[in-house]
Amino acid sequence: MLYRLTFFLSLSNVYAQITYIQQPDEKMFQDAMELWDKEKFAAAQKKFGEYIERGSNGEKAIQARFYQGVCALKLDNSDAETLISGFVQSYPSHPLAYESYRQLGHYYFEKGDYKTAVSFYDRVDMQPFSS
């Protein structure tokens, strides 16, 4: 009986430690998204970068890479196209890959580079939007 109680208590300590370790990553991602929503792109880009550097995996890590690149576009950073192109190369079939092309198209359109804008708009998959 004492053995079972000790085993149970040690399992709950391990679970608590795992939860504690995972929680900061989740909070960091949420903080980055809040900064994005408030259009604080420099701070959001930094948070997304920190989240990625922690080695997080899964859907949120993919989203963090996407938002990091789009923040660079919004800030007119010189590495923006490289970040977004890297995202698209890493996740070519992800729905955000098409959004990446749309964002690049919009970026170049706003700069008046219509030929480049069209080349990115042409890559957007319109299938999800057709009825």
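Me: Where is Lys-46 found?

Reply: Lys-46 lies in helix H2, residues 41-53. Helices are DSSP runs of H or I with at least four residues, strands are runs of E with at least two, and both are numbered from the N terminus. This is a predicted model: local features need pLDDT of at least 70, side-chain atom pairs count only at pLDDT 80 or more, and totals for chains, interfaces and linings use all residues. Residues are numbered from 1 along each chain as its sequence is written, and side-chain values use heavy atoms, leaving out hydrogens and water.

Me: Why is Lys-46 called exposed?

Reply: Its relative accessible area is 58%. Buried means under 20%, exposed over 50%, and partly exposed in between, with a 1.4 Å probe and protein chains only. Lys-46 is therefore exposed.

Me: How far apart are Lys-46 and Ala-32 in space?

Reply: They are 8.1 Å apart, C-alpha to C-alpha. In sequence, 14 residues separate them.

Me: What makes H3 and H5 roughly parallel?

Reply: Helix H3 (residues 59-74) and helix H5 (residues 95-110) pack at an angle of about 0 degrees. Their axes are 11 Å apart. Axes are lines fitted to C-alpha atoms, for helices over the stretch in contact, and angles run from 0 to 180 degrees between N-to-C directions. Under 35 degrees counts as roughly parallel, over 145 as roughly antiparallel, 65 to 115 as roughly perpendicular, and the rest as oblique. H3 and H5 are therefore roughly parallel to each other.

Me: Which residues in H3 and H5 meet?

Reply: From H3 come Gln-63, Phe-66, Val-70, Leu-73 and Lys-74. From H5 come Leu-96, Glu-99, Ser-100, Gln-103, Leu-104 and Tyr-107. Contact means heavy atoms within 4.5 Å. The residues of this contact divide into 6 nonpolar, 3 polar and 2 charged.

Me: Which residues of helix H4 are buried, and what do they pack against?

Reply: In H4 (residues 80-90), the buried residues are Ala-80, Ile-84, Gly-86, Phe-87 and Val-88. They pack against H3 and H5.

Me: How many helices and strands does the chain have?

Reply: It has 6 helices and 0 strands. Of its 131 residues, 34% are buried.

Me: Where is confidence lowest, and where is it highest?

Reply: Helix H1 (residues 2-37) is lowest, at a mean of 68, and H3 is highest, at 96. These are pLDDT values, the predictor's confidence in each residue, from 0 to 100. The chain averages 84, and 77% of the residues score at least 70.

How values were computed. Nonpolar A, V, L, I, M, F, W, Y, C, P; charged D, E, K, R; others polar.
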